[in-house]
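Colleague: I would like a close look at one part of this model, with the cut-offs stated.

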Amino acid sequence: MEMCGATALTWSHTISPSLHLPRPLPTREARTFKVFCVSDQDSKGNKMIISITGATGFIGKRLVQRLQADNHSVHVLTRSKSKAETIFPAKDFPGIKIAEEIEWKDSIQRSTGVVNLAGLPISTRWSPEIKKEIKQSRIRVTSKVVEFINSAPDDIRPKVFVSATAVGYYGSSETQVFDEQSPSGKDYLAEVCREWESTALKVNGDVRVALIRIGVVLGKDGGALAKMIPLFNLFAGGPLGSGKQWFSWIHLDDIVNLIYEALSNPSYKGVINGTAPNPVRLAELCEQLGHVLGRPSWLPVPDFALKAVLGEGATVVLDGQRVVPTQAKKLGFPFKYPYVKDALKAILS
């Protein structure tokens, strides 16, 4: 539920029911590409060149920092160069390329991989115009990125495309457990996620695609907690709404590490849920949050208070889904924060 661009949907995310996974490159062909083109820093320690949309958002900023710390080249694809230069000043981020829209094509076509995190935040009041822009902002950028990848000559085409989506794909339920094989829901956010994912899957069949259905992202200085804590403090730390709704969360470090692994590890492809292995009901989250903050947790934040702030957008808080990262666990992804108690302690202590 990150409340920014990618989080894909920022409270939630998603993908399409019938996935046609891209055909992997034959080993010999892949080796030829590496020899004659850019080297691809994967798990073997080679250097990657990564273009990122939504790089100035909550997840994107941390991903840029992680890639640069490991000496990879980063292209920040932005629609506001001045904003990007403020967030990534040259003195702190030497070597980063900030590319305005007119430069996206060239940046993408000379990259090892592309990460797509862009999209209008969903944690706001939903008017008909805002709902349209929530969907179109995701489809528009994803479509443009796919077009530039597909139009690239074979020798400079990125080999991996990691595109964010959201757990909103599954709809909401207090009883069901959703994994990557579960069908899509029928509500507005599920519709957004289906179209978002189907657009990403139009990429060239030789490109490895990983679709990360991101849950509620917890981290310092942004995301879900920045929205929740003021309401939490105002209403004596109680749960939001009934408290029975499921909260499928992930720590910021873990979602960044998952995206990083998807860029560098060829086993990561298709749909991967970007959630911690232990989702909780919202009442438990608030109890743990109250414990970490040293506050009681008893007076619920009423539905009307959330609706007054978020309007129809409150559904992303009042409705939830229990999503588990079956694929990430099969791949052996090492979650740094599998339990929300430890995640909150690390963030707020």
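Colleague: Does cysteine 193 count as buried or exposed?

Modeller: Cysteine 193 counts as buried, because its relative accessibility is 0%. Buried means under 20% relative accessible area, exposed over 50%, partly exposed in between (1.4 Å probe, protein chains only). The model is predicted: local features need pLDDT of at least 70, side-chain atom pairs need 80 or more, and totals for chains, interfaces and linings use all residues. Numbering runs from 1 along each chain as its sequence is written, and side-chain values use heavy atoms, without hydrogens or water.

Cysteine 286 is also buried, as its relative accessible area is 0%. The structure has 0 disulfides (cysteine sulfur pairs within 2.5 Å).

Cys286 sits in helix α9, which covers residues 282-293 (a DSSP run of H or I, at least four residues, numbered from the N terminus). α9 has 12 residues. From first C-alpha to last, α9 reaches 16 Å. That is close to the 16 Å expected at 1.5 Å a residue (1.5 Å times one less than the residue count). Besides Cys286, the buried residues in α9 include Leu282, Leu285 and Leu289. Gln288 and Gly290 are buried too. Glycine 294 follows α9. The phi of glycine 294 is positive, near 70°.

Definitions and conventions
Helix = DSSP H or I, 4+ residues; strand = E, 2+ residues; numbered from the N terminus.
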